[in-house]
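Visitor: I have a structure to look at and some terms to sort out. Can you take me through them?
Guide: Gladly. Here it is.

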Amino acid sequence: MINGIKPLERSLRWGMVGGGGTSQIGYIHRSAALRDGTFSLVAGAFDIDAQRGRLFGQSLGIAAERCYPDYATLFREEAARVDGIEAVSIATPNNTHFAICQAALAAGLHVVCEKPLCFTVEEAQALVELSQKQHKIIGVTYGYAGHQLILQARQMIADGLLGEIRIINMQFAHGFHAAAVELDNPSTRWRVDPRFVGPSYVLGDLATHPLFLAETMVPQLKVKRLMCSRQSFVKTRAPLEDNAYVLMEYDNGAVGSLWCSAVNSGSMHGQKVRIVGEKASLEWWDEQPNQLRFEVQGEPVRILERGMSYLDPIALADDRIGGGHSEGLFEAWSNLYRRFALAMDATDRRDRDFLADFWYPDVAAGTMGGRWVENCVRSADAGASWVEFR
Ligand code: NAD
């Protein structure tokens with residue numbers, strides 16, 4: 001159980017790029033990173049508008065001289081200080097992630113980056129190599145993966161409670177962009193512009209979340225080939241899709257499907273993962289994150305509740321308040337940031353034993369997301385044909 005005691009003796013000196021006062025996601029990064037005292041926010045380049053970013057940083061209590069106009073200045077100036085930052089989080093639009101990650105690693109910083117980590121397999125490979133060379137980690141904020149019942153599902157599957165896995169159904173299908181809301185909303189506008197998001201909208205923006213949840217639950221399954229069909233129901237978004245279906249075949253003979261959509265009218269989030277085995281199934285839905293459905297063939301449905309003693313220790317380890325109380329996305333993110341801090345500290349100490357079975361969404365997770373999107377786009381652009389996963 002997490003009870004407020006700092007898991008590290010120190011706090012990592014931390015900065016942010018993006019996530020400014022007008023951003024959607026900056027606040028949850030700060031809330032999560034600062035929750036357990038593992039990070040202290042001492043610098044940033046928070047905004048594409050340098051003046052707005054400076055004022056915002058100062059409003060957070062950061063010294064004026066450490067609120068920088070851009071990320072290059074942030075990394076250069078902080079590297080010159082004895083008390084410079086040790087880690088940085090990147091919460092900017094997608095097209096900037098790769099370049100900022102590269103610059104951060106080159107400056108000797110640990111990185112937490114928003115998804116999608118990058119757009120191509122080559123970029124992903126370059127980040128893997130640079131992070132190894134620099135002995136620095138990249139954590140990726142697949143925030144939903146911090147919900148405790150995701151690790152419960154992982155353990156139950158590893159324990160064989162489902163038997164051989166046959167089917168994985170994934171979806172992230174909300175309705176918030178059923179109309180062209182980007183005309184009035186700057187946070188949506190860049191999401192449907194290829195200059196900012198590369199070759200995809202909902203595949204990169206939404207689908208990578210349930211894809212990673214399923215990967216976490218069933219890490220042994222590898223995608224062998226896939227087929228993707230994508231549509232732009234709001235026509236002005238073409239060639240970017242606002243809806244897509246993906247079928248997958250895995251190396252053990254299992255099959256999977258993933259529906260991602262921003263035009264699922266009436267749906268709030270609609271992010272679900274259902275894992276079907278030969279004996280039983282598990283289902284998790286992000287709108288009810290404190291419950292996990294366990295359905296054994298021929299028996300009544302069981303609803304496993306977060307925080308209960310019948311759960312596996314791996315799920316209880318991240319419990320922040322006993323069962324019955326609701327935990328939410330902010331707690332899930334805090335669990336991830338706590339893990340990022342522990343991984344950074346262990347990496348700095350070269351503690352390979354600790355890192356050997358320590359789970360967190362890492363550079364491999366980010367790499368898989370970018371690679372998967374690239375394969376989906378290749379399939380869709382070839383007329384929704386099956387392509388070997390590469
Ligand atoms: P947003 O448009 O609301 O905010 C972007 C922020 O980045 C703004 O503060 C902007 O001024 C700043 N910015 C832009 N370019 C910059 C640069 N070069 N240097 C410094 N600051 C810069 O976007 P958002 O919705 O907050 O999304 C940001 C990122 O977070 C995206 O990659 C998105 O995919 C991701 N995101 C992830 C989740 C999740 O669940 N993990 C949820 C929402 C968004």
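Guide: Start with a definition: a salt bridge is a side-chain nitrogen of Lys or Arg within 4 Å of a carboxyl oxygen of Asp or Glu. This is a predicted model. A search of the whole structure finds 30 salt bridges.

Visitor: What makes Arg 320 and Asp 36 a salt bridge?
Guide: Their side chains meet at 2.8 Å, N to O. The cut-off is 4 Å, so the pair counts as a salt bridge.

Visitor: Where in the chain do Arg 320 and Asp 36 lie?
Guide: In distant parts, 284 residues apart. Arg 320 is in the loop between helix 10 and helix 11. Asp 36 is in the loop between helix 1 and strand 2. Arg 320 is buried, and Asp 36 is buried too.

Visitor: How do you know that Asp 348 and Lys 136 form a salt bridge?
Guide: The N to O distance is 3.3 Å. Asp 348 lies in helix 11, and Lys 136 in the loop between helix 5 and strand 5, so the pair ties together parts 212 residues apart in sequence.

Visitor: Why is Lys 136 called buried?
Guide: Its relative accessible area is 18%. Buried means under 20%, so Lys 136 is buried.

Visitor: And why is Asp 348 called partly exposed?
Guide: Its value is 30%.

Visitor: Why is Asp 381 called exposed?
Guide: Its relative accessible area is 56%. Exposed means over 50%, so the word applies to Asp 381. The side chain of Asp 381 also meets that of Arg 230 in a salt bridge, at 3.2 Å. Arg 230 is in strand 7 and Asp 381 in helix 13, 151 residues apart.

Visitor: What makes a network out of salt bridges?
Guide: Shared partners. They join Arg 10, Arg 13, Glu 86, Lys 136, Asp 345, Asp 348, Arg 349 and Asp 351 into one network.

Visitor: What is the volume of the second largest pocket?
Guide: About 970 Å³. Of the 36 residues that line this pocket, the closest to its centre are Tyr 360, Asp 362, Val 363, Ala 364 and Ala 365.

Visitor: Which elements supply at least two residues each of that lining?
Guide: Among them are helix 5, strand 6, helix 9, helix 12 and helix 13.

Visitor: How many residues of each class does the lining have?
Guide: It has 22 nonpolar, 5 polar and 9 charged residues. Tyr 360 lines the pocket. Tyr counts as nonpolar, so Tyr 360 falls in that class.

Notes
Residues are numbered from 1 along each chain as its sequence is written. This is a predicted model: local features need pLDDT of at least 70, side-chain atom pairs count only at pLDDT 80 or more; totals for chains, interfaces and linings use all residues. Side-chain values use heavy atoms; hydrogens and water are left out. Helices (H or I, at least four residues) and strands (E, at least two) are DSSP runs, numbered from the N terminus. Buried means under 20% relative accessible area, exposed over 50%, partly exposed in between (1.4 Å probe, protein chains only). On a 1 Å grid over the protein atoms alone, a cavity is a set of points where a 1.4 Å probe fits but cannot get out, and a pocket is an open set with protein on both sides within 12 Å along at least five of seven lines; lining residues have an atom within 4 Å of a point. Grid points are joined across faces, edges and corners, and a volume is the space filled by probe spheres set on the points.
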